[in-house]
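Hello,

Here is the structure I promised to pass on to you. Please open it next to this email and follow along as you read.

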Number of protein chains: 2
Amino acid sequence: MSGSTRVNERTRARVLAVLDEVNYTPHAVARAMKVGRTDSVGVFMSRITSPFHAALLDAIGRRLAAEGLQMILWNLEHDPHELAQRVIRQRLVDGFLFTSATFTSRSDKAAVAAGVPAVLLHRGVTGLDCDQVVGDNYRGAWDVGRYVLEAGHTKIGLVSAPLEVSTAAEREYGFRTALRKGGHPAREPDIVRGAFTHSAAHGAIRELLARPVPPTAVFAITDLLAHGVVDGARSVGARVPDDVWVCGFDNVEMSSWEAYDLTTVNQPIEELVDTGVKLLKRRMADRDARPRTVRIPCELVVRGSTANTALPEPVTPPRRPRNLGTMKR
Amino acid sequence: MSGSTRVNERTRARVLAVLDEVNYTPHAVARAMKVGRTDSVGVFMSRITSPFHAALLDAIGRRLAAEGLQMILWNLEHDPHELAQRVIRQRLVDGFLFTSATFTSRSDKAAVAAGVPAVLLHRGVTGLDCDQVVGDNYRGAWDVGRYVLEAGHTKIGLVSAPLEVSTAAEREYGFRTALRKGGHPAREPDIVRGAFTHSAAHGAIRELLARPVPPTAVFAITDLLAHGVVDGARSVGARVPDDVWVCGFDNVEMSSWEAYDLTTVNQPIEELVDTGVKLLKRRMADRDARPRTVRIPCELVVRGSTANTALPEPVTPPRRPRNLGTMKR
């Protein structure tokens, strides 16, 4: 029952069949005391209602279940640091997945400092000595920048979010690098940064469209923000893509629906989660393994919000900055 | 540390302060062995990526955290019955919340049979002897039926889902009762039942709109289905509300966005969750308490998908059927 390999396979099967007949299941708590592990993984997440995070959570749950692991979910929006500190010290789980770490968050650093197996998934923290699996945000956003420039746009808006979040920092940096290399650097008035919410983006696009020279193309750094941009444009009678192009990042399911028909950058959730769980299992088996950072390629998906305009030939972007999170801004 | 009330408050505070200084946290597993409880609640859910379920999960997590309880999440889409059986026997949690029980599902019945504290939240099971908290689906859907009739529609479509789910059965029954009482009973060809997905509803509305006499109003029994109906109508060039009115049920956040601007029935998630957690805590404290079924009122919210047409005066519907889940169909 402890999964020992010293037991003959047929014997194991027969024992398990008998136990199943008598409705026996090892009392999980007693078993955890005995074998020194809980077969549970803790997931720290915030903003579960955001469609990307809901899809990520769904994929994590499916993957952990396939591994025979339970998922304990904590939402870091509620009393984040105190909660994380307590949870980490309680040893209720064998390892952690962090999906919403920021450059300034302390809970992920506390887990690393405590020597608990932990993997950062989706959002990374530059310089933190632990396993990290992230989308290639810099490259994906660079592709968006080049795409709108090649299509002839020169007045380009950016709807972004707090730069202590790696996805925001990398996407903003990649996009702005492409614009600068293309000879149309983004000026501060064309950038609006706010919360990761539909309503923040809704306000941002109305602000941009009210400018003397409004942008003809807007990159919102997440799909949820892009949905807010499309709806905000609708609310003032601006047509997408006729009056303004809109691009997002994530490729959540609803971005393919007629309501948005959004050009965006695909984050391969299954691959992110698959890699993250593999790294966590490796770490749980060998705490001294050398930490790895894996970057998953993300591809531009062209749809109606940019008039289905074809993608230019791919170009290799300049080298990504190594320490975005710790850079002075 | 066990929360005993026999300890002087000042003494407790001093002990806790010292423990905090030395970074001590009771080992959760050892503590669970000792005090006989885990301070964890198990949530069985499916379809986390559906916006209503994501919002429900978010509210459950917030409410449990406020009570000092951990949430362990299992997704019943993956190997449902075997998983639930095992989890229930393992006693890893003090109680369960089921959010996606059906009339035919066995995991909720197994929990009740095992005498484990369990509450059905959002979806109920008629005749199951346990605490249940549900929205008033019958009444809400009856209101939708009356609303479209009073506005003069006589050719009315229904996009529904498998009737082994209480929300589907009650909403369909409430809606059809209103149509029948209003002299325009729904005919089978005007009803399309499919999966709880955007794409199923997308196909359903295209089917309905292709009929010789297409409906001028459609009720989709969830908001997600209504989004599929609106997008499916768009895909064939039908305008909402000019060509066809669309109503949903749930009032998820995105239904208020310009993309859908959906008339729908509000399910008060906070109240559902608040009541569900209260009943679960009562049950954990007293396993012999008499099971209760609480029905939370749900109100129609009028928006652009029905041309913002005012709501008629409320009317009391005929009495709801007592045994919808066990009725012959």
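**Two domains in chain A**

In chain A, the domain assignment gives domain 1 (37-134 + 270-296) and domain 2 (137-267 + 299-326); such bounds come from an automatic or database domain assignment. Please keep in mind that this is a predicted model, where local features need pLDDT of at least 70, side-chain atom pairs count only at pLDDT 80 or more, and totals for chains, interfaces and linings use all residues. Residues are numbered from 1 along each chain as its sequence is written, while chains are lettered from A and ligands numbered from 1 in the order in which they are written.

The C-alpha centres of domain 1 and domain 2 of chain A are 28 Å apart. Where the two meet, 15 residues of domain 1 of chain A are in contact with 17 residues of domain 2 of chain A (two residues are in contact if their C-beta atoms, placed from the backbone, lie within 7 Å). On the domain 1 side of chain A, the largest share, 3 residues, comes from helix H3 (residues 51-66) of chain A. Helices (H or I, at least four residues) and strands (E, at least two) are DSSP runs, numbered from the N terminus. That side of domain 1 of chain A has 7 nonpolar, 6 polar and 2 charged residues; here Ala, Val, Leu, Ile, Met, Phe, Trp, Tyr, Cys and Pro count as nonpolar, Asp, Glu, Lys and Arg as charged, and the others, Gly among them, as polar.

Chain A has 10 helices and 12 strands. Of its 329 residues, 50% are buried (a residue is buried if 20 or more other C-beta atoms lie within 10 Å of its own, exposed if 12 or fewer, and partly exposed in between, with C-beta atoms placed from the backbone).

**Helices that cross**

How do H3(A) and helix H10 (residues 269-285) of chain A cross? Their axes come within 9 Å, at an angle of roughly 45°. Axes are lines fitted to C-alpha atoms, for helices over the stretch in contact, and angles run from 0 to 180 degrees between N-to-C directions. H3(A) and H10(A) are therefore oblique to each other, since angles under 35 degrees count as roughly parallel, over 145 as roughly antiparallel, 65 to 115 as roughly perpendicular and the rest as oblique. The residues where H3(A) meets H10(A) include A:Ala55 and A:Leu56 in H3(A), and A:Val273 and A:Val277 in H10(A). The contact of H3(A) with H10(A) divides into 8 nonpolar, no polar and 3 charged residues.

In chain B, the axes of helix H8 (residues 198-209) and helix H9 (residues 223-235) come within 7 Å and cross at roughly 50°. That makes H8(B) oblique to H9(B).

**Backbone details to look up**

A cis peptide bond runs from A:Val240 to A:Pro241, with omega near 5°. A:Pro241 is in the loop between helix H9 (223-235) and strand S9 (245-247) of chain A. In chain B, a cis peptide bond joins B:Val240 and B:Pro241, with omega about 5°.

Phi of A:Arg47, which is not a glycine, is positive, near 55°. A:Arg47 counts as partly exposed, with 19 C-beta neighbours inside 10 Å. B:His122 also is not a glycine and has a positive phi of about 80°. B:His122 is buried, with 27 other C-beta atoms within 10 Å.

Enjoy exploring!
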